[in-house]
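Here is a set of questions and answers for reading the structure below, taken from the sheet to the helices and the surface.

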Amino acid sequence: MLAINYSTLKNNLKDYCDEASDNNQTIIVTRKKSKSIVIMSLDNYNQLMKNARNAEYLAKLDRSMEQIKSGFGEVHEEKNL
């Protein structure tokens with residue numbers, strides 16, 4: 001992970017974009033009067049979003065299992081298709 005200021009990024013944008021995309025580097029850009037931002041490759045971003053969706057799905061499964069253990073499940077008959 002790299003941390004740079006906005007001026008450094010502005011003067012070397014191509015190099016930092018290449019660093020993020022080619023070397024999977026995460027770059028934190030600090031700004032004087034604004035919130036910091038992060039630059040990362042699209043592959044890293046997509047993986048981060050996939051992990052977040054998976055975590056949400058697993059949390060739903062955990063809640064469902066807790067409901068079943070607590071007696072809130074329903075029994076259904078198998079239907080012939």
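Two strands pair if DSSP finds at least two bridges between them. The model discussed here is predicted.

Q: In which sense do strand β1 and β2 pair, and over how many bridges?
A: Pairing requires at least two bridges between two strands. Strand β1, residues 2-5, meets that requirement with β2, and within this pairing Asn5 has Thr30 of β2 as its bridge partner. The sense of the pairing is parallel, and the number of bridges is 4.

Q: Which residues of β2 form its covered face?
A: In a regular strand, side chains alternate between the two faces of the sheet. In β2, Ile28 and Thr30 belong to the uncovered face. The covered face is made by Ile27 and Val29.

Q: Which residues are in contact with Ile4, leaving aside its neighbours within four places in sequence?
A: Ile4 is one of the residues of the largest nonpolar core, a set that also includes Leu9, Tyr16, Ile27 and Val29. With sequence neighbours within four places left aside, the residues in contact with Ile4 are Leu9, Tyr16, Ile27, Ile28, Val29 and Thr30.

Q: Is Gln25 buried or exposed, and at what relative accessibility?
A: Gln25 lies in the loop between α2 and β2, and, leaving aside neighbours within four places in sequence, Gln25 is in contact with Met1, Leu2, Glu19, Ala20, Ile39 and Met40. The cut-off for a buried residue is under 20% relative accessible area. Gln25 therefore counts as buried, at 17%.

Q: What is the phi of Asn24 near?
A: Most residues other than glycine have a negative phi. Asn24, placed in the loop between α2 and β2, has a positive value although this residue is not glycine. Asn24 counts as partly exposed because its relative accessibility is 45%. The phi of Asn24 is near 50°.

Q: How far apart in space are Met40 and Ala20, C-alpha to C-alpha?
A: Met40 lies in the loop between β3 and α3 and is partly exposed, with a relative accessible area of 28%. Not counting residues up to four places away in sequence, Met40 touches Ala20, Gln25, Thr26, Tyr45 and Leu48. Although Met40 and Ala20 are 20 residues apart in sequence, their C-alpha separation in space is 5.2 Å.

Q: Which residues are in contact with Ser41, leaving aside its neighbours within four places in sequence?
A: Ser41 is placed in the loop between β3 and α3, and its relative accessibility of 6% is the reason that Ser41 counts as buried. Leaving aside neighbours within four places in sequence, the residues in contact with Ser41 are Ala20, Ser21 and Asn24.

Q: How far apart are the closest N and O atoms in the salt bridge of Lys14 with Asp18?
A: Side chains of opposite charge can pair when their charged atoms come close. Lys14 and Asp18 are separated by about one helical turn, because they are 4 residues apart in helix α2. Lys14 is exposed, with a relative accessible area of 59%, whereas Asp18 counts as partly exposed at 27%. The closest N and O atoms of this salt bridge are 2.6 Å apart.

Terms used:
Residues are numbered from 1 along each chain as its sequence is written. This is a predicted model: local features need pLDDT of at least 70, side-chain atom pairs count only at pLDDT 80 or more; totals for chains, interfaces and linings use all residues. Side-chain values use heavy atoms; hydrogens and water are left out. A nonpolar core is a set of buried Ala, Val, Leu, Ile, Met, Phe, Trp, Tyr and Cys residues joined through side-chain atoms within 4.5 Å. Buried means under 20% relative accessible area, exposed over 50%, partly exposed in between (1.4 Å probe, protein chains only). Contact means heavy atoms within 4.5 Å. Helices (H or I, at least four residues) and strands (E, at least two) are DSSP runs, numbered from the N terminus. A salt bridge is a side-chain nitrogen of Lys or Arg within 4 Å of a carboxyl oxygen of Asp or Glu.
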